[in-house]
Amino acid sequence: MREGPFLRGVKVVLRPVEEGDYALIHRWMNHPEVWHYMDYERPVSLADVADDVEQSRAEGQPFTIVVDGRPIGRIGLNRFRPRDRICGFYLYIGEPAFWGKGFAQDAVMTLLGFAFDRWDLFQVELWTLGDNDRALGTYERCGFVEEGRLRDRSWKDGRWVDNVMMSVNREEFERARGGRLGLPEGADDPRPTP
């Protein structure tokens, strides 16, 4: 039996990470483009994947992104600060055939809806590399706002790359959700909740 909720978006389903996902996660994490943008420092083994998933479960909630029954990536929340009602966020689409087709945006909006509606969070925060234009655009469309830029923080492919810090609060997310669904600000979301 799987633990945790299944979250349904428009295009994706988010389900808890399962041990059967480890080989896929291993392949995804070692893909050159995922490797670059997730800012990994060394190749990842299957044992590293198992450790990473266990740590992700201990400090948050990891999900596998699924499209039509096919796992395509990971997403999750971590680094919870209950007093402040803030947590961290991470995402990657590991299957190149699914890049640039709106699956990441749907996954982000689905998980943010769960975070704000079910956990009553105040804010969700993340960091990404400054050269990750595709992710930056996705996050902005989901309501994230750039809070800061740490110059020259990661050495990637023979050059320094900035780290970009972003966050989204409930109000910013609601504006993005309303715009995505074509709803006026403050209108209820007609989609069923998980």
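Thr-64 is buried, with a relative accessible area of 0%; buried means under 20% relative accessible area, exposed over 50%, and partly exposed in between, with a 1.4 Å probe and protein chains only. The model is a predicted one, in which local features need pLDDT of at least 70 and side-chain atom pairs count only at pLDDT 80 or more, while totals for chains, interfaces and linings use all residues. Residues are numbered from 1 along each chain as its sequence is written, and side-chain values use heavy atoms, with hydrogens and water left out.

Thr-64 belongs to strand β3 (residues 61–67). Helices (H or I, at least four residues) and strands (E, at least two) are DSSP runs, numbered from the N terminus. Setting aside neighbours within four places in sequence, Thr-64 is in contact with Val-13, Leu-14, Arg-15, Pro-16, Val-17, Asp-21, Pro-71 and Gly-73, where contact means heavy atoms within 4.5 Å. With Asp-21 there is also a polar contact between the two side chains, at 2.8 Å. A polar contact is a pair of N or O atoms within 3.5 Å; within protein, one must be able to donate a hydrogen and the other to accept it, and residues adjacent in sequence count only if both atoms are side-chain atoms.

The chain as a whole has 6 helices and 8 strands. Read from the N terminus, the order of elements is β-β-α-α-α-β-β-β-α-β-α-β-β-α. Of the contacts between residues at least 6 apart in sequence, 61% join residues at least 24 apart. Buried residues account for 47% of the 194 residues. For 194 residues, a compact globule would have a radius of gyration near 16 Å, and the chain agrees, with 16 Å; this radius is taken over C-alpha atoms, and the globule rule is 2.2 Å times the number of residues to the power 0.38.

Next come the aromatic rings. The structure holds 9 aromatic pairs. Rings of Phe, Tyr and Trp (its six-membered ring) pair if their centres lie within 6.5 Å; planes under 30 degrees apart count as stacked, over 60 as edge-to-face and the rest as tilted. One of the pairs is Phe-89 with Tyr-139, edge-to-face, at 6.0 Å centre to centre and 90° between the planes. This pair links distant parts of the chain: Phe-89 is in strand β5 (residues 86–93) and Tyr-139 in helix α5 (residues 133–141), 50 residues apart. Both Phe-89 and Tyr-139 are buried. Elsewhere, Phe-80, Phe-114 and Trp-119 form one aromatic cluster.
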